Amino acid sequence: MIEVQHVTKRYGPLTAVQDISFSVAKGEIVGFLGPNGAGKTTTMRILTGYMPATDGSVRVADFDCHESPLEVKRRIGYLPEHPPLYLELTVREYLTFVGRMKGVRMEHVAKRMERVIEQTGLGEVKQRVIGHLSRGFRQRVGLAQALIHDPPVLILDEPTVGLDPNQIIEIRELIKGLAGSHTIILSTHILPEATALCERVIIIHRGQIVAIDTQEQLAARLRRSEQLRVTVKTTLPDMENRLQTVPGVIKVSQGESDNTYLIEAELGHDIREAVTGFVMTHQLGLLELAVVSMSLEDVFIQLTNQDESHANPGNEQARS
Amino acid sequence: MRPATTLLAKELRCYFVSPIVYVIAAVFLGLVGLLSYWAVVNASGQALRMMQISNTYAQINLNDLVFRPMFFSMNLVLMFVLPLLTMRTFAEERKLRTFELLLTSPIGINEIVSAKFLSVVVIYVILLILTGLIPLVLSAYVSFNWDPIWTGFLALLLQGAFMLAIGVLASAMTENQIIAAFLSFGIILLIWLLGLFATVLGDSTVGHLFAYLSFTEHYERLVRGLVSVKDIVYYLSGMAFMWFAAHQVIDAHRWK
């Protein structure tokens with residue numbers, strides 16, 4: 001459905017995206033994962049035809065973005081980073097406008113609008129002026145706008161940003177429900193979001209694809225680095241070495257305070273029980289035991305390190 | 001053409017819900033009304049003096065004494081007012097990031113520029129029709145020749161549309177509305193000044209070139225009732241140039 005080949009985008013001397021290639025099959029949900037400034041938005045803007053690529057080719061639904069931009073644009077629903085809203089229009093007026101702009105016929109617009117209002121939960125605010133809506137509702141109007149013409153391809157740039165936890169779950173459910181009938185690319189810098197929603201994740205860093213992983217691979221990658229943070233009331237002399245003797249522990253290091261330790265475990269070992277047991281038998285007073293999930297930066301550090309040593313055979317799609 | 005007409009309708013809708021159009025209309029119509037009132041008072045004063053001198057009933061020429069000054073002062077008012085009408089066309093879309101929506105919709109840049117330009121022209125034509133009340137009211141009291149009035153309004157239409165095209169270009173160049181307004185005002189002033197330079201330079205090649213490029217001469221001829229293809233071509237080609245430049249500016253912006 002989406003075919004990206006050797007796309008490069010330069011802004012003057014700055015290279016925002018360098019030689020990226022990937023493809024997305026029909027009905028797939030693919031996540032773009034990367035820190036801010038990694039090139040996610042630039043890539044999405046190229047896909048939507050907002051800006052042309054400096055080099056390389058992009059095909060969406062068998063149309064070339066450069067040769068037949070209008071055909072491509074008709075088939076894409078796009079939620080940009082900042083939802084493109086006309087603050088002086090009401091939700092209904094706005095959605096009617098976008099629907100008509102995207103080529104929905106006059107007689108179908110009202111029906112489509114009611115459908116997306118229902119899908120995105122905008123019923124209670126549909127008569128209100130967008131400028132008076134909260135951030136969460138505006139984000140939903142942005143999403144409704146992307147869905148109005150029922151496009152086969154959806155490109156969503158950080159769709160859950162600015163929403164509260166309940167809304168995030170609702171929107172995720174909505175996106176999940178759209179999968180299958182729609183091909184979806186969404187970007188995020190939140191790891192759990194990518195794992196919760198996407199079948200495949202494209203990890204992008206400094207304008208390059210670092211890895212293309214399935215959900216399972218990504219989860220395994222994350223588990224590998226599982227860390228525990230333990231805070232105790234009283235500590236033992238030579239605590240670090242003693243903790244090391246707990247089965248499954250690879251490495252122990254001092255945490256933020258004197259009584260906090262970071263414990264790294266072997267892959268596939270849940271050491272929480274063992275560590276708790278250790279603390280209990282020595283009567284140290286367990287104050288905190290937490291799983292430190294891997295941050296995105298850690299993933300990148302890990303990925304780039306692996307690239308250098310070629311240590312990970314499962315990561316053959318990674319680029320240096 | 002469907003998306004383009006949709007965009008045009010949305011533009012007009014946004015204009016009528018925002019206060020700016022009403023402020024512009026009030027200022028424009030207020031100033032024009034005041035200036036034409038002053039022209040009428042002046043004309044009646046002259047008529048009175050002529051009657052005292054010659055002791056006969058003088059038929060004053062309303063076209064010369066009232067309408068021509070009115071058309072020239074309207075031109076001046078437009079130079080200040082129209083940049084305020086066009087400043088938001090593209091600058092606001094950029095600022096609000098809604099430009100991304102337009103550029104990812106199945107609509108060409110040419111259609112976007114045309115819709116934006118036509119929307120301000122429609123607003124302007126409504127303003128012009130409202131100023132048409134002035135000759136209409138006067139015609140109830142005095143009789144005058146309507147022909148120069150029609151050409152005067154034609155001149156105003158072309159002149160205003162040209163200024164609007166300049167304003168749309170200026171707005172396409174920035175995301176700051178105030179800069180857009182000043183930029184279009186500056187360009188309009190520059191074109192106007194070319195006419196002054198032309199009179200200073202006189203009968204030289206550069207003088208003729210400046211005289212042609214400035215709208216002063218073309219506008220004057222039309223207001224005097226001399227409708228020639230040459231002047232109409234001047235305005236149409238000027239608008240086409242601004243349209244093309246705006247198109248290029250937007251296209252170039254996509255690459256950055």
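Author: Axes are lines fitted to C-alpha atoms, for helices over the stretch in contact, and angles run from 0 to 180 degrees between N-to-C directions. Helices (H or I, at least four residues) and strands (E, at least two) are DSSP runs, numbered from the N terminus. The model discussed here is predicted: local features need pLDDT of at least 70, and side-chain atom pairs count only at pLDDT 80 or more, while totals for chains, interfaces and linings use all residues. Residues are numbered from 1 along each chain as its sequence is written, and chains are lettered from A and ligands numbered from 1 in the order in which they are written.

Reader: How are H2(B) and H3(B) oriented to each other, and why?

Author: Helix H2 (residues 19-54) of chain B packs against helix H3 (residues 62-86) of chain B at an angle of about 160°, and their axes are 9 Å apart. Angles under 35 degrees count as roughly parallel, over 145 as roughly antiparallel, 65 to 115 as roughly perpendicular and the rest as oblique. H2(B) and H3(B) are therefore roughly antiparallel.

Reader: What is the hand of the crossing of H2(B) and H3(B)?

Author: A crossing is left-handed if the near helix is turned anticlockwise from the far one by less than a right angle, and right-handed if clockwise. H2(B) passes H3(B) in a right-handed crossing.

Reader: Which residues of H2(B) and H3(B) meet, and what makes them nonpolar, polar or charged?

Author: Two residues are in contact if their C-beta atoms, placed from the backbone, lie within 7 Å. Among those of H2(B) that meet H3(B) are Ile24(B), Phe28(B), Leu35(B) and Gln46(B); H3(B) contributes residues including Leu62(B), Pro69(B), Met74(B) and Leu85(B). This contact of H2(B) with H3(B) divides into 19 nonpolar, 3 polar and no charged residues. Ala, Val, Leu, Ile, Met, Phe, Trp, Tyr, Cys and Pro count as nonpolar, Asp, Glu, Lys and Arg as charged, and the others, Gly among them, as polar.

Reader: At what angle do H3(B) and H9(B) pack, and which residues meet?

Author: H3(B) and helix H9 (residues 177-201) of chain B pack at about 145°, with axes 8 Å apart, and their crossing is right-handed. From H3(B), Met79(B), Pro83(B), Leu84(B) and Thr86(B) meet residues of H9(B) including Phe185(B), Ile188(B) and Trp192(B). The contact of H3(B) with H9(B) comprises 8 nonpolar, 2 polar and no charged residues.

Reader: How many helices and strands does chain B have?

Author: Chain B has 12 helices and 0 strands. Its C-alpha trace spans about 75 × 45 × 30 Å along the principal axes.

Reader: Where are the domains of chain A?

Author: Domain bounds come from an automatic or database domain assignment. That assignment gives domain 1 (2-214) and domain 2 (226-292) of chain A, and 43 Å separate the centres of these domains, taken over C-alpha atoms.

Reader: How many bridges join S11(A) to S13(A)?

Author: Strand S11 (residues 227-232) and strand S13 (residues 260-265) of chain A are joined by 5 bridges and run antiparallel. Opposite Arg229(A) stands Leu262(A) in S13(A).

Reader: How many residues does each chain give to the contact of the chains?

Author: Chain A gives 23 residues and chain B gives 20 residues. On the chain A side, helix H2 (69-74), strand S6 (76-79) and helix H3 (91-101) each supply at least two residues. The largest share of that side, 4 residues, comes from H3(A). The side of chain A that touches chain B divides into 14 nonpolar, 4 polar and 5 charged residues.

Note on methods. Pairing = 2+ DSSP bridges.
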